[in-house]
Amino acid sequence: MDEIIDAYEENRIIVSCVVLNHDKKIKLLRGFEEDANTKKRYIRNIVIMIDGEFITSNIADTMLFKEELALFNFGDKQNKYLVPSSRTIEKESVSSLSITLSDGAVIHVTRSEAKAMVGLWNMSLQGYSFARLLEFEKEQTLETWTDALEINGYLQLDKPE
Amino acid sequence: MYFLLIGAVIITVLIVYIYKKDVGDDEEKKLEDSAKDEIIEPEKPKEIMLYFNTDSVRISFYSLHLFKCYGAKNIYKKIVVEKLYIDEPFHTSLVKLLQIYDKTESWIKSKNTKEIRLKIRKKNGKFEEGVSFKIHSLSDTAFDFLDNIFEYLNEKKYREKDQKNILLAVLVWKIDCVKELKYLCPENLLDAELRECLGGRILKEYSSNHDVFKILRMIEDKYEHIQFIQKIYDNTLRWQHEYPYVDKAEKDNESFSINHLPDKSMKRLIHLDDICVY
């Protein structure tokens, strides 16, 4: 599984999407590189996207996001992405994780949602080797991501999820 | 005695009359004879020498190398070379507008696209932000649009003057998309005002530019008999190629000057068959 593949060869880039939560539009994008000769897929990047906005862009940040979800109650104000907050729904104070997007929208994640998302995360990456990801993490730019998203149809308006 | 005198006078008169009559008959006969001669021998027609101009006809055109895009060359050949719309204020105004669309790298956002906001951490730890979506190339769209409009005008047989005004109006209509020219006008203008400002600067030599602006206003006000322009535009946009694009916040806007657009002095006498060579 972990043969060295030529980084300069024109391998196919496949972006695959796992929806972690439909209501909050939280998605996990997995960037695969398919070896043109052996037709094997290698995972090259994992990214969290919320409502059309990239929250993380590399494996370290994505792992941090996942751990903040998993810790939920044990996290504090030092969290980078998901800040624990409390709000009142029908005169009852509830705690949740909140994240503010660049357009000002605030998204709250409940405890059960966080648990479900962590479960989905574990399921979606079963069977893939992370050795190549850690060894040769591909440096991406805005242009390469745009190309990859366009090739896989993510910029199309009526793309079925 | 009196009778004798009167008789002598009468006799002399008669003699004179008879003599004169004889002379008159002779002249008539002569005339008739001469007329007969003329009929028999008509004059030979004069030989006319016609000199045909065998030199090649040369007309002053702009060189096709002025344009980079195939679309612009094609439009110039169709409108100016084939139709011979070479009368002066129109010819230069059209070439100026074509050159603006030829030079520009502006785009039109596709109606069929999602926006994805990207925020990527580089290896040096700094973040790079941008929005990616799909676009159409403005120059390709404009030339295809103009081509379709010109075909429509030919089919419906508009008058030559109207055809010219509509062609210029159509080009000025989309000039607010050319981002490189926005520096010429004050900021915070509406699209319609920006069009009039830029159009007025480019078409200042075109004598009937008030007709062009009248057509522009008719397009904006959605007049019924000019609706074909909007329909053809929508139809053109539907078949345009889409390109992925990243809009970075910190990108500097390029601009180009309108003072270096083609001038009448750049025209050359070119033979019609040689238009593709020059």
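Glu53(A) counts as buried, at 9% relative accessibility; buried means under 20% relative accessible area, exposed over 50% and partly exposed in between, with a 1.4 Å probe and protein chains only. This residue belongs to strand S4 (residues 53-54) of chain A, where strands (E, at least two residues) and helices (H or I, at least four) are DSSP runs numbered from the N terminus. Neighbours within four places in sequence aside, Glu53(A) is in contact (heavy atoms within 4.5 Å) with Ile48(A), Leu101(A), Ser102(A), Asp103(A) and Arg117(B).

The model is predicted: local features need pLDDT of at least 70 and side-chain atom pairs pLDDT 80 or more, while totals for chains, interfaces and linings use all residues. Residues are numbered from 1 along each chain as its sequence is written, chains are lettered from A and ligands numbered from 1 in the order in which they are written, and side-chain values use heavy atoms, without hydrogens and water.

Over all chains, 13 aromatic pairs are found. Rings of Phe, Tyr and Trp (its six-membered ring) pair if their centres lie within 6.5 Å; planes under 30 degrees apart count as stacked, over 60 as edge-to-face and the rest as tilted. The ring centres of Trp173(B) and Tyr233(B) are 5.4 Å apart and the planes stand at 70°, so this pair is edge-to-face. Because Trp173(B) lies in helix H5 (residues 160-173) of chain B and Tyr233(B) in helix H8 (residues 227-238) of chain B, the pair ties together parts 60 residues apart in sequence. Trp173(B) is buried at 6% relative accessibility, and Tyr233(B) is buried at 7%.

Lys174(B) lies over the face of Trp173(B), 4.6 Å from the ring centre; a charge sits over a ring if NZ of Lys or CZ of Arg is within 6 Å of the ring centre and within 35 degrees of the ring normal. Lys109(B) lies over the face of Phe133(B), at 5.0 Å from the ring centre, and Phe133(B) forms one aromatic cluster with Trp107(B) and Tyr245(B).
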